[in-house]
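Please keep the sequence and the three-dimensional view side by side while you read this report.

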Amino acid sequence: MDDPLRLFGESGNPSFIDLLRCHSPHMLQRLEAEPGAEPLRMPHGTTVLALRYRDGVVMAGDRQATEGFQVASRRIEKISKSDDLSGVGIAGVAGPAMEMARLFQTELEHYEKVEGDNLSLEGKANKLSQMIRMNLPAAMQGLVVVPIFAGFDERMGVGRIFKYDVTGGKYEDTDYWAQGSGGKDARDSLKKRWRRDLGRDDALRVTIEALLDAADEDVGTGGPDLVRGIFPTIKTITRSGFGDVPEDEIRRVVETLLNERAKAEKANG
Amino acid sequence: MTAMPLPYYVSPEQMMKDKAEYARKGISRGRSIVTLEYRDGILLVAENPSTLLHKISEIYDRIAFAGVGKYNEFENLRIAGVRHADVKGYSYSRGDVTAKALANAYSQALGNIFTQDIKPFEVEVLVAEVADVNGSNNEIYHILYDGTIEDEKNYAAIGGQADEIRRFLKDNYHEGLTIEAAVQLGVRALNVTQNKTLTEKDLEVAVLDRTKERRKFRRIPPEALAQLLGSGG
């Protein structure tokens with residue numbers, strides 16, 4: 001910790017990252033490997049997705065972190081609340097991705113407290129873009145972090161979804177997006193099932209279908225674990241805030257869908 | 001040959017006395033703030049007709065700040081407090097950010113400014129931390145312009161007529177207040193020093209609400225405040 005007296009000198013820069021850069025630069029140190037070093041095996045987050053529905057956006061992720069062909073964690077949470085009206089879904093190398101989500105959350109809260117006002121959703125999305133760009137040298141050495149950012153835009157009155165590339169390029173998607181090793185499979189699934197103005201129940205169904213499809217096709221993505229009782233993380237972000245979808249509700253939808261799939265399989269066989 | 005002008009000699013006692021008097025004069029012009037512990041947390045009430053320039057603010061999950069005196073000076077202290085808390089919470093964990101450490105930092109800062117700078121800060125601040133659910137106690141720290149720090153129980157008052165307000169609260173405060181009772185008592189305490197009755201338009205009110213998730217700080221907007229003041233009072 002710095003001597004707080006020294007913090008008194010600067011007039012109200014509301015950025016927490018700038019504050020760290022001035023006073024505790026070691027906390028922003030980038031992870032960098034020697035050029036040409038053998039890439040290490042690190043835990044990767046696999047599938048996260050976001051989709052728009054009638055009241056805002058749904059964000060969801062499976063619970064598995066994968067290290068090469070091994071399961072690194074069965075219970076990782078990939079959707080993190082950034083503030084009351086937005087969230088980040090982390091995909092890529094889990095360590096730096098989780099750190100980025102934590103720093104981003106602090107950045108937004110710090111801004112809100114210093115300024116006494118919230119950043120616009122666009123402003124938050126741009127800030128995340130800068131943070132991904134800061135990570136570019138590490139990304140070039142394999143430590144890739146590519147989150148999804150989604151939230152409710154109070155000024156426009158709609159849910160909005162942003163995806164990124166490793167250079168921090170920001171692209172808005174109006175309907176849905178999925179990222180990570182199972183991202184393409186989840187997107188294929190969403191492409192067939194997503195419709196405009198889905199109700200909450202339908203949105204949950206479509207979300208879980210996509211995660212089941214991703215787990216089906218991608219070895220890295222974890223399916224629902226009925227033995228251990230581990231189910232995907234699902235959050236909703238609406239005008240009234242960031243909410244958890246209760247695990248019981250997720251479990252019920254998962255069981256219904258699995259039963260339907262089992263029945264269809266039987267009918268076909 | 002020119003004579004070297006001798007600097008005036010002022011005894012340290014006199015210098016401190018003058019500075020203290022100067023700071024107190026500045027603070028006594030400011031309107032007062034009271035804070036009260038109630039059943040579900042800590043309530044802060046300030047006389048403040050502005051809805052944009054706050055005297056009461058959030059510092060961190062369970063910590064609030066209130067300042068009286070010169071706005072730019074306590075605003076500086078507030079921002080320094082937010083920075084202190086956010087850096088600490090990010091380096092360690094959210095649970096490691098405490099009002100005690102923050103109050104100490106304020107005390108050090110104000111003490112240094114008082115002894116080293118020509119002009120002392122004309123401020124008094126309160127730092128309040130609401131207990132978390134598992135049984136710790138609420139904490140209220142009162143820091144003066146010269147770095148003097150006190151920890152207060154049940155209630156505290158700062159600003160121009162703080163003594164009078166404290167006397168009133170001593171006679172009228174009891175533990176286990178509901179939010180309505182606490183708001184009404186807080187406003188009555190501020191009224192003691194007034195010729196007029198304060199309404200929701202003259203007040204800034206916020207709580208550290210123990211029942212809330214993570215960030216306990218919540219402002220009470222004028223409409224809700226009018227209701228609280230109206231009910232049973």
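Arg214(B) lies in the loop between β9 and β10 (217-220) of chain B, where helices (H or I, at least four residues) and strands (E, at least two) are DSSP runs numbered from the N terminus. Although Arg214(B) is not a glycine, its phi is positive, at about 20°. Because its relative accessibility is 35%, Arg214(B) counts as partly exposed, a class that falls between buried (under 20% relative accessible area) and exposed (over 50%), with a 1.4 Å probe and protein chains only.

| Residue | Phi | Loop |
|---|---|---|
| Arg214(B) | about 20° | between β9 and β10 (217-220) of chain B |

The model is a predicted one, in which local features need pLDDT of at least 70 and side-chain atom pairs count only at pLDDT 80 or more, while totals for chains, interfaces and linings use all residues. Residues are numbered from 1 along each chain as its sequence is written, chains are lettered from A and ligands numbered from 1 in the order in which they are written, and side-chain values use heavy atoms, with hydrogens and water left out.

The largest nonpolar core has 28 residues, and those with the most contacts inside it include Val34(B), Leu43(B) and Leu203(B); such a core is a set of buried Ala, Val, Leu, Ile, Met, Phe, Trp, Tyr and Cys residues joined through side-chain atoms within 4.5 Å. The largest share of this core, seven residues, comes from α5(B). A second, separate core of 26 residues includes Leu51(A), Leu211(A), Ala214(A) and Phe231(A). In soluble globular proteins, nonpolar side chains tend to be buried together.

Where the chains meet, 24 residues from chain A and 25 residues from chain B take part in the contact, which means heavy atoms within 4.5 Å. The area buried between chain A and chain B is about 2,300 Å², and carbon and sulfur atoms give 59% of it; buried area is the accessible area (1.4 Å probe) that two parts lose on being put together, summed over both. Four salt bridges are counted between chain A and chain B, each being a side-chain nitrogen of Lys or Arg within 4 Å of a carboxyl oxygen of Asp or Glu. One of them joins Arg94(B) to Glu109(A), with the closest N and O atoms 2.9 Å apart.
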